[in-house]
Amino acid sequence: MDREFWNKEIETLDRKRLEELQLERLNDTLARAKKSEFYRNRIPERVESLAELQDIPFTTKDDLRKSFPFGMVAVDPSELVRVHSSSGTTGQATVIYHTRKDIENWADLVARCMYMTGVRKNDVFQNMMGYGLFTGGLGLHYGSEKLGSLTIPASSGNSKRQIMLMKNFNTTVVHITPSYALHLYTIMLDEGIDPRRDLKLKIAFLGAEPYTEETRKRLEELYGFDAFNSYGLSEMNGPGVAFECRNKDGMHLWEDHYIIEVIDPVTGEVLRDGEEGELVLTTLMREGMPIIRYRTGDITRVYPEPCSCGRTHRRISRIKGRSDDMLIINGVNLYPMQIEKVLMGIPEVGNNYLIEIDKVGYLDRINVKVEVRPEIFKGDVRDLENLKHKIIEELKTNVLVKPHVILVEPNSLPKSEGKAVRVIDKRKSQEV
Ligand code: ADP
Ligand code: ZN
């Protein structure tokens, strides 16, 4: 009979034993990290309880940049076998080194995640994330091979080839950014392909960028697959840090590999489960580059209640955005995802949008460019006017700012094949 867990013992370990394991691994981590230049004088030899972690200072993205190249490396550089870097979404990329054991552990975590969603040996997995320094390609690749699925290293882009691969190999599982999945569907339409009818897709992993529940639902409807949220960041390996189980309600964050904290991004105070704040993570298994209390910048909350799937590792909620994604429009705080939520909930809205912010006199103005579904775009002008008003009204009610909405032709906005750029803020360049 098919087993339900990749590693039942560890995935369902009772909380008390899990915390004992964390404390043991935290002390191993402190001992290892002490060997690096960066942590040498920054951390204690050991701690007596997990609570004492709170006395150790945070590590930031800037610390990683400043300690480039080897300031955080805790082993002899000859032990390192791989280097990855972040995508550089918020500035200069950060660099992470791995030992052979780090790579093996990462592959095992990814296999655990994939298995949890229902992927098995006989599946065909097409990995549509960029191969290279970015972690989305190679990270999932080794996990999928470890699980035993046939793995297609398709990488991102080249949509017609992606569709051909799906057909030729009967792809059942894909890994793709949500923005690229929205775009790829429009190419399928042009090619006369209906994924529900013509393809064999069952499961999709969507991650690497923030997106809303509405976008997930829309993609599941268009493609006919079950979509699972996948969270990770290169500083903590990349994908495989947290993943949804079949319940699709929050992502299990693997606490045998990471310690979770959620803090108030302004005061740094550690918050209770259930409270929203910035996610802070500590690696427990890293050899090459242990990282302690890393400020991810990602806004989320920990679910206080256990999951009915039986896994004891706590879940985090969908990432609302990065703390530095927050926009302030005439004094009102706003996350781009609040806009996406409204847009993707309106059926006539197409699969792409762009937010532009500029200044008119002293006031901020928010322009939302929205692609319209092809049949609506070609239809009655009055329908377009009505749609525009509907979008403005819904945004006003849900987001509390009145945007300027511009409806545009399908496929006319810049396309995303990786992480989408959703916001262009022109205010800075307008300042004199
Ligand atoms: P960069 O920080 O330069 O984008 P990474 O490639 O390491 O580099 O990306 C990690 C970041 O991507 C995370 O910190 C988070 O902001 C975002 N991210 C990854 N997965 C998700 C997800 N499922 N939902 C929302 N955001 C995500
Ligand atoms: Zn679960």
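1. Buried here means under 20% relative accessible area, exposed over 50%, and partly exposed in between, using a 1.4 Å probe and protein chains only. By that rule Cys245 is buried, with a relative accessible area of 1%, and Cys113 is buried at 0%.

2. This is a predicted model, in which local features need pLDDT of at least 70 and side-chain atom pairs count only at pLDDT 80 or more, while totals for chains, interfaces and linings use all residues. Residues are numbered from 1 along each chain as its sequence is written, chains are lettered from A and ligands numbered from 1 in the order in which they are written, and side-chain values use heavy atoms, with hydrogens and water left out.

3. Searching the whole structure for disulfides (cysteine sulfur atoms within 2.5 Å) gives zero. The sulfur of Cys113 has its closest cysteine sulfur in Cys245, 11 Å away, which is too far for a bond.

4. Helix α4 covers residues 100-117; helices are DSSP runs of H or I, at least four residues, numbered from the N terminus. Its 18 residues should span 26 Å at 1.5 Å a residue, and the 27 Å between its end C-alpha atoms agrees; the expected span is 1.5 Å times one less than the number of residues. Because 14 of the 18 residues are buried, α4 is largely enclosed by the rest of the structure. Gly118 follows α4 and has a positive phi, near 110°.

5. Glu214, Thr215 and Arg218 in α9 meet Glu340, Lys341, Leu343 and Met344 in α10, contact being heavy atoms within 4.5 Å.

Notes:
Helices (H or I, at least four residues) and strands (E, at least two) are DSSP runs, numbered from the N terminus.
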